[in-house]
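Hi there,

Here is the structure I promised to pass on. Have a look at it first, and then read on for what turned up.

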Amino acid sequence: MKVVMAGQNFYIVGGSDRVLIDEIDLLNRQGHQAIPFCAASEKNIPNLWDSYFPAKIASFEKPSLVDVGRYIYNLSTKAAVKKLLNDFKPDIFHCHIYYGKLTSSILGEVRKSEIPLIQTLHEYKIVCPASLLVSQGKICEKCRGFNFYNVVLNKCNRASSSRSIISCIESYTSYALGSVALFDHFIAVSDFLRKKVIEMGVPEEKVTTVHNFTEAEQFKPYFKTGDYFIFFGRIEHIKGIWTLIKSFEELRSEKLVIVGTGLEYESVSKYLLEKKLDNISLMGFKRKEELGSLIQGAIATIAPSIWYETFGLTLIESFAYGKPVIASNIGGMTEVVEDGVDSILVKPGDVDDLVSAIYRMSQNKRMAVDMGRVGRSNLEKKFNKEMHYKKLMAVYNRFLR
């Protein structure tokens, strides 16, 4: 089987990039031919297909009017995908996060080629122009039924009218060009995500859950307790970063390591200095090996998100290293962990509840080690590559022509 995996990046920025890269590798090891179709970038992993990658894409750093146009509809990506389809002739065209850089301009070309069109949903962009079902820092579902104008009325994109207007135009354009209608099927990375997009207007028969996976054998578990807690991922409000900071401001005897970058990085750094929070270390970006060592040395991972997380790759990565988690009782994360078994679940945004969970884990190191062992075992059973491959192929085989 020949499969094109389309996404914004062929290097890892977020979880969706990792899934795209891992699925290409998984399919190729199973004897298929899977290739990427992503935006051109010097950061991309070297590959044999980058000559097809479109270079004229929207810049998100200092966007001009041209970039706004390319964000909504990109003729360059349309021409690039047409050439790739003619030369490679895939059996399946599988999108991940294609909007933004590739745009919905590619969809019509795939459909004209009569190739099955699949998308993995990693967020809520199909029903929410701002992607996260969050407005002004709170859960929001006002665009239910594809009523995207609400993103403008509520300034959902970073509280900016201009950004929200652009998001609204892009969403209506994508919807008109087939962001729902042209796809044969959608893969949701959690049952929660599946149910939510169906509630908001996506036809139920078009969505199947296939949980993300990790290859546990690539991670060496460390079943000994450390002397600090760890948060790794995007440093942003929706990730519960301020709930986390406030918790360790109360628990100054406990240590926290924060790994990652994001919109709140500078604000967090300034706050730590102002409050003299020496028990919190802000580490910035760390490569896989460095991050792995930091996770191994931790008591537990903390994932205090306040939005509807669609899955929680940080959770299964923590389990892979044999570490338990403290996570918010929200979204798809509840499908990854078992409260009181391999994790402690807390109320999203509740500092007191998080403080209590941190203290409990810190004071019961034996419990933390035991939870980490169970987490590793559950990962191997529930989120392995064999199960993921079987479910992915079941979706593909339904639509092969």
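Which residue's side chain meets that of Glu-386 in a salt bridge? The partner is Lys-385, at 3.4 Å from N to O. Please keep in mind that this is a predicted model.

Glu-386 is partly exposed at 48% relative accessibility, whereas Lys-385 is buried, with a relative accessible area of 18%. Lys-385 also forms a salt bridge with Glu-217, at 2.7 Å from N to O. That pair ties together distant parts of the chain, 168 residues apart: Glu-217 lies in the loop between strands E8 (207–209) and E9 (229–232), and Lys-385 is in helix H14 (residues 385–399). Glu-217 itself is exposed, at 52%. These residues belong to a network of salt bridges that links Asp-25, Arg-29, Glu-215, Glu-217, Lys-385 and Glu-386.

The count of salt bridges comes to 17. Another one joins Asp-87 and Lys-83, with their closest N and O atoms 3.0 Å apart. Because the two are 4 residues apart in helix H3 (residues 75–88), about one helical turn separates them. Asp-87 is partly exposed at 42%, and Lys-83 is partly exposed at 48%.

One more site for you to look at is His-122, in the loop between strand E4 (117–121) and strand E5 (134–135). His-122 is buried, with a relative accessible area of 12%. Its side chain makes a polar contact of 2.8 Å with that of His-96. Beyond its neighbours within four places in sequence, His-122 is in contact with residues including Ser-16, Val-19, Val-189 and Thr-310.

Best wishes

Methods: Residues numbered from 1 in each chain as written. Predicted model: local features only at pLDDT ≥ 70, side-chain atom pairs only at ≥ 80, totals over all residues. Heavy atoms only, no water. Buried < 20%, exposed > 50% of the residue type's maximum accessible area, 1.4 Å probe, protein only. Polar contact = N/O pair within 3.5 Å; in protein donor to acceptor, adjacent residues only side chain to side chain. Contact = heavy atoms within 4.5 Å. Salt bridge = Lys/Arg side-chain N within 4 Å of Asp/Glu carboxyl O.
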